[in-house]
Amino acid sequence: MGGMERSVEPELMDDPLQARAYAAADFDRSDQAFTERFLALLGLPFPRPRPVGDGGGEALGPGSPLDDGIVDLGCGPGNISFRLARALPQAKVLGLDGAATMVALAQERRQRHLGEWPQLRFEQVRLPLTLTTTRKEVTSPGGAPVEALGGPFAAVVSNSLLHHLHDPLVLWQAVGQLAAPGATVYIKDLRRPASAAEADALTERYAAGAPAVLRRDFRASLAAAFTAAEVQAQLAQASKLGKAAGSMGAAWSGFTVAEVDDRYLEIHGRWLG
Ligand SMILES: C[S@@+](CC[C@H](N)C(=O)[O-])C[C@H]1O[C@@H](n2cnc3c(N)ncnc32)[C@H](O)[C@@H]1O
């Protein structure tokens with residue numbers, strides 16, 4: 001059998017040293033690329049135009065595609081959530097992460113500029129959300145129903161969560177539970193290289209100058225990531241499970257799975273379920 005076998009890492013980033021190193025790292029380019037791509041998928045330009053004489057950013061207006069808010073799954077210290085809240089000041093943004101340490105770091109950042117982020121919230125929620133009989137009763141293990149979280153959401157995004165999940169279907173199930181009909185879904189992650197040698201080369205190329213803990217994490221993340229073919233199979237499986245549960249089985253069929261650059265995967269589409 002060819003290729004590099006998947007080897008998982010711990011799901012939650014709860015170790016304070018690891019979480020602090022992650023929060024202090026410079027992911028500027030990839031975080032910016034994520035934000036711009038998401039806005040492009042929404043059909044919005046970047047940077048967002050500001051009306052003359054108003055310091056607060058452009059209102060999206062009633063009936064905007066984001067009236068129902070954006071949820072950022074596995075938000076970590078909030079890198080993507082803060083960027084989305086800044087780019088779309090009228091949109092409610094909710095960051096969810098299962099790691100108390102990460103949520104505390106995100107809250108700390110938010111509180112440093114209290115009042116600046118009225119539309120941005122963070123909650124500690126570990127996926128999977130528990131699915132009971134009706135949408136109203138979809139709860140997290142902590143008991144938060146989708147409505148209590150502010151959902152269903154007009155957009156569901158996630159950066160670098162998928163490779164952490166031991167069971168990847170947990171992500172696709174959560175998207176189906178949290179997305180409103182017509183929601184924009186944008187997921188990005190690393191993809192697993194074809195060989196250990198390629199993983200070493202990517203680590204050398206992109207993390208040579210980083211602290212040891214981040215270099216180790218990057219190499220481990222590459223090994224834990226999925227290939228495009230594996231994600232396609234996950235979506236097919238999610239469709240099958242959705243059909244068996246009586247929801248729209250075809251919900252995933254229009255999604256695009258694409259390789260981006262030398263190390264990423266992106267998955268996007270409109271949730272029809
Ligand atoms: C590599 S970080 C990415 C953080 C952030 N999205 C970003 O772009 O910087 C992955 C995050 O997923 C969280 N995570 C992993 N498994 C999770 C689960 N089952 N439920 C919720 N969060 C989870 C981890 O705690 C960690 O903060």
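Analyst: Leu94 sits in strand S2, residues 93–97. Strands here are DSSP runs of E with at least two residues, helices are runs of H or I with at least four, and both are numbered from the N terminus. The model is predicted, so local features need pLDDT of at least 70, side-chain atom pairs count only at pLDDT 80 or more, and totals for chains, interfaces and linings use all residues. Residues are numbered from 1 along each chain as its sequence is written, and side-chain values use heavy atoms, with hydrogens and water left out.

Leu94 counts as buried, at 2% relative accessibility. Buried means under 20% relative accessible area, exposed means over 50%, and partly exposed lies in between (1.4 Å probe, protein chains only).

Who surrounds Leu94? Leaving aside neighbours within four places in sequence, Leu94 is in contact with Ile70, Val71, Asp72, Arg121, Phe122, Glu123, Leu149 and Phe153. Contact means heavy atoms within 4.5 Å. Take Phe122: its C-alpha atom is separated from that of Leu94 by 5.7 Å, although the two residues are 28 apart along the chain.

Next, the charged pairs. The structure holds 11 salt bridges. Each is a side-chain nitrogen of Lys or Arg within 4 Å of a carboxyl oxygen of Asp or Glu.

One of them joins Glu266 to Arg37, with the closest N and O atoms 2.7 Å apart. Glu266 is in strand S7 and Arg37 in helix H2 (residues 28–42), so the pair ties together parts 229 residues apart in sequence. Glu266 is buried, at 6% relative accessible area. Arg37 is partly exposed, at 29%.

A second pair is Glu230 with Arg192, at 2.9 Å from N to O. Glu230 belongs to helix H8 (residues 228–244), while Arg192 lies in the loop between strand S5 (179–190) and helix H6 (196–207); the two are 38 residues apart. Here the Arg is buried, with Arg192 at 10% relative accessibility. Glu230 is partly exposed, at 28%.

Asp200 and Arg219 form another salt bridge, with N and O 2.7 Å apart at their closest. This pair links helix H6, which holds Asp200, to helix H7 (residues 212–224), which holds Arg219, across 19 residues. Asp200 is partly exposed at 43% relative accessibility. So is Arg219, at 23%. Elsewhere, Arg205, Asp262 and Arg263 are linked in a salt-bridge network.

Strands S6 (residues 256–260) and S7 (residues 264–270) run antiparallel and are joined by five bridges. Strands pair if DSSP finds at least two bridges between them.

H1 brings Gln18, Ala21 and Tyr22 to the contact, and H7 brings Val213, Leu214, Arg216 and Asp217. Four of these residues are nonpolar, one is polar and two are charged. Nonpolar covers Ala, Val, Leu, Ile, Met, Phe, Trp, Tyr, Cys and Pro; charged covers Asp, Glu, Lys and Arg; the others, Gly among them, are polar.
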